[in-house]
Amino acid sequence: MEDKLSGIITGQEKIKSGFVAIIGAPNVGKSTLLNQILGQKVSITCPKPQTTRNRIVGIYTSQTSQIVFLDTPGIYTYKKDKLDEFMVKTALKAASDVDVICLMVEATAKKNTHDLNVIKQISKVSAPTILLINKIDLIKRQLLLPIIDKYKDLGSFEAVIPISALYKDGIDRLISEIEKLLPYGPKYYPDDMWTDQPERFIAAEIIREKIFHLLREEVPYAVAVTIDYFEEVPDRNLLRIGATIHVEKKSQKAIIIGEKGRMLKEIGSKARMELEHIFGTRIFLELWVRVEKKWRRDEKVLRKFGYR
Ligand SMILES: Nc1nc2c(ncn2[C@@H]2O[C@H](COP(=O)(O)OP(=O)(O)OP(=O)(O)O)[C@@H](O)[C@H]2O)c(=O)[nH]1
Ligand SMILES: [Mg+2]
């Protein structure tokens, strides 16, 4: 009654609100899911594992709820440097501080050792957990039930939801299951805000995504991108962005630049096109490549590159 009354006084509907972490092994589709829920790209994606390195906030606002999603780096056991440690810690910390966890696994996984590891790592966290079985578009329908059975006894889940993040299958059900678990609460962000990432960070991530897509083997993993300048040119509908691509070795620098600078040009033009779309303005993008030896092992440099 009281709530209803205060709702009338403030002119606002009662809504559900809270924080939800998307957690799982690398490459299961966490960032794809977040982008599809929002209908906006807030988190970069790639067929290669270990794409996401930071906690990425994506805000979903509807008539009935405001859900603040935290996309996280994939959790894995094999950590070989300080960047790996940072990524796993970031994911576990996000999981420890939310109202609901969405634990994502892949329907196509042959073995579930990676998922078991994730379940073990988050077992100390007490938030209610929804199990998402993703990529169901890749399996035959009749295989779904045995897959659900394989996973559902591995933990205590509020719901088990088969989805295809890529084809937006199962997302409505996911939102309604999350809403059931969230408390009534305030809106934490304005209605039209879908992320809290600074524009500079988005620019650096889009450049890194192009490198992830265009280059193979160890190179994408040895790359960090920092922004040197980010300036709007008044009255010209133009944004000037300068960025440095850091690698660990001279040989990687040569690969990034490519023959006659072709690779760097391609990275630049793909990133520029997408950034023009995201920021809705023309972009002048200048890229440099620099060697920072073994930066992934150096905590100080890691912090300088934004992994803190
Ligand atoms: N077929 C299919 N592919 C999907 C689906 N969801 C994601 N993918 C693909 O799986 C790959 C990994 O997706 P991401 O969203 O980057 O995965 P992630 O879990 O965020 O990966 P990390 O950030 O590396 O931990 C990409 O190539 C996606 O297009 C899906 O429902 N079906
Ligand atoms: Mg990701």
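## Cysteines

With a relative accessibility of 13%, Cys46 counts as buried (under 20% relative accessible area, with exposed over 50% and partly exposed in between, using a 1.4 Å probe and protein chains only). Cys102 is buried too, at 0%. The structure holds zero disulfides, a disulfide being a pair of cysteine sulfur atoms within 2.5 Å.

This is a predicted model, where local features need pLDDT of at least 70, side-chain atom pairs count only at pLDDT 80 or more, and totals for chains, interfaces and linings use all residues. Residues are numbered from 1 along each chain as its sequence is written, chains are lettered from A and ligands numbered from 1 in the order in which they are written, and side-chain values use heavy atoms, leaving out hydrogens and water.

## Aromatic rings

Let's turn to the rings. Phe86, Trp295, Phe305 and Tyr307 form one aromatic cluster. Rings of Phe, Tyr and Trp (its six-membered ring) pair if their centres lie within 6.5 Å, with planes under 30 degrees apart stacked, over 60 edge-to-face and the rest tilted. The whole structure has seven such pairs. In one of them, Trp295 and Phe305 have ring centres 5.3 Å apart and planes at 70 degrees, so the pair is edge-to-face. Trp295 is buried, at 0% relative accessible area, and Phe305 is buried at 7%.
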